[in-house]
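Reader: I would like to learn how to read helix packing and sheet order in a model. Where do we start?

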Amino acid sequence: MRSHERAWRDRREAGELLGVAVQEQLSDAGEVVVLGLPRGGVAVARPVAEAVGGELDVLVVRKAGVPWQPELALGAVTASGHRVVNGEVARRTRLRPDEIDAVFERAQTAARDRERLLRGDRPPVETAGRTVVLVDDGVATGATMRAAAELVASAEPRPTATIVAVPVGPRDTIDELAELADAVVVLRIPESFMAVGEWYDDFRQVEDADVRALLRP
């Protein structure tokens with residue numbers, strides 16, 4: 001580790017190291033699909049896909065924020081409509097079921113629009129019968145990655161296996177993800193975790209144009 005606070009220069013370096021770790025996990029996994037969660041996750045997923053020889057695509061999961069406090073996550077939803085609800089937040093806010101539905105429907109519409117923007121006219125890659133590696137640049141609460149992992153694991157026809165791969169995340173979140181995926185690959189599980197960005201020297205925002213460029217074959 002380069003310093004007490006930082007582990008990697010940028011997402012590219014983290015992805016290269018993560019790719020090596022994922023390759024060790026895969027063994028004889030057959031065909032592999034690497035799905036990056038935008039936007040930063042795609043920048044990590046590209047070198048992972050290169051390392052494992054997998055097809056790269058994007059999977060958009062949108063946070064569903066409490067209406068009067070958008071940064072507080074009621075849960076997350078994918079473009080296809082799969083929801084992960086934070087039960088504790090839902091109870092605390094006392095939102096009615098129809099109000100919760102409205103929040104998730106708005107988030108799903110946003111996820112669908114963003115996925116179309118990033119991928120363009122290309123159809124999603126096929127995951128059936130393949131090992132799916134879900135990649136982000138790190139996890140904190142893990143709501144977004146949980147939604148992604150549940151979506152992929154429940155897809156019909158099913159993938160051969162689902163692997164979650166992230167450079168860094170807190171122990172409790174990693175343990176939760178391990179219950180949803182066939183395996184979790186993580187480079188660092190710090191005892192003290194504040195934010196994903198503190199583990200990168202360069203954690204500048206990844207723009208939509210960057211994601212589109214990363215997704216090009």
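**Reading the packing**

Author: Start with a crossing: that of α1 and α2 is right-handed. Keep in mind that this is a predicted model.

Reader: How is a pair of packed helices described in general?

Author: Two numbers do it: the angle between the axes and the distance between them. Here, helix α1 (residues 11-26) packs on helix α2 (residues 40-52) at an angle of about 45°, and their axes are 7 Å apart. That makes α1 oblique to α2.

Reader: Which residues in α1 and α2 meet?

Author: From α1, the contact takes in Arg11, Arg12, Gly15, Glu16, Leu18, Gly19, Val20, Val22, Gln23 and Leu26. From α2 come Gly40, Ala43, Val44, Arg46, Pro47, Val48, Glu50, Ala51 and Val52. Sorted by class, this contact of α1 with α2 has 10 nonpolar, 4 polar and 5 charged residues.

Reader: At what angle do α2 and α7 pack?

Author: About 20°, with axes 9 Å apart. The cut-off for roughly parallel is an angle under 35 degrees. That makes α2 roughly parallel to α7. The crossing of α2 and α7 is left-handed.

Reader: Which residues in α2 and α7 meet?

Author: Val42, Ala43 and Arg46 in α2 touch Val211, Ala213, Leu214 and Leu215 in α7. By class, the contact of α2 with α7 has 6 nonpolar residues, no polar and 1 charged.

Reader: How far apart are the axes of α4 and α7?

Author: They are 8 Å apart. Helix α4 (residues 97-119) and helix α7 (residues 208-215) pack at an angle of about 55°. The two are therefore oblique to each other. In α4, Arg114, Leu117 and Leu118 make the contact; in α7, Asp208, Val211, Arg212 and Leu215 do. The residues of this contact of α4 with α7 are 4 nonpolar, no polar and 3 charged.

Reader: Now the sheets. What is the strand order in the open sheet of 5 strands?

Author: The order is β2-β1-β6-β7-β8, and the pairing is parallel. The edge strands, β2 (55-58) and β8 (183-188), each pair on one side only. From one strand to the next, the twist averages 20°.

Reader: How many bridges pair β1 and β6?

Author: Strand β1 (residues 32-36) and strand β6 (residues 131-135) pair over 5 bridges, in the parallel sense. For a landmark, find Leu35: Leu134 in β6 stands opposite.

Reader: Last, the whole chain. How many helices and strands does the protein chain have?

Author: It has 7 helices and 8 strands. For overall size, compare the radius of gyration with that of a compact globule. With 217 residues, such a globule would have a radius near 17 Å; the protein chain has 17 Å, which agrees. Its C-alpha atoms fill a box of roughly 45 × 40 × 35 Å along the principal axes.

Conventions
Residues are numbered from 1 along each chain as its sequence is written. This is a predicted model: local features need pLDDT of at least 70, side-chain atom pairs count only at pLDDT 80 or more; totals for chains, interfaces and linings use all residues. Side-chain values use heavy atoms; hydrogens and water are left out. Axes are lines fitted to C-alpha atoms, for helices over the stretch in contact, and angles run from 0 to 180 degrees between N-to-C directions. Helices (H or I, at least four residues) and strands (E, at least two) are DSSP runs, numbered from the N terminus. Angles under 35 degrees count as roughly parallel, over 145 as roughly antiparallel, 65 to 115 as roughly perpendicular and the rest as oblique. A crossing is left-handed if the near helix is turned anticlockwise from the far one by less than a right angle, and right-handed if clockwise. Contact means heavy atoms within 4.5 Å. Ala, Val, Leu, Ile, Met, Phe, Trp, Tyr, Cys and Pro count as nonpolar, Asp, Glu, Lys and Arg as charged, and the others, Gly among them, as polar. Two strands pair if DSSP finds at least two bridges between them. The radius of gyration is taken over C-alpha atoms; the globule rule is 2.2 Å times the number of residues to the power 0.38.
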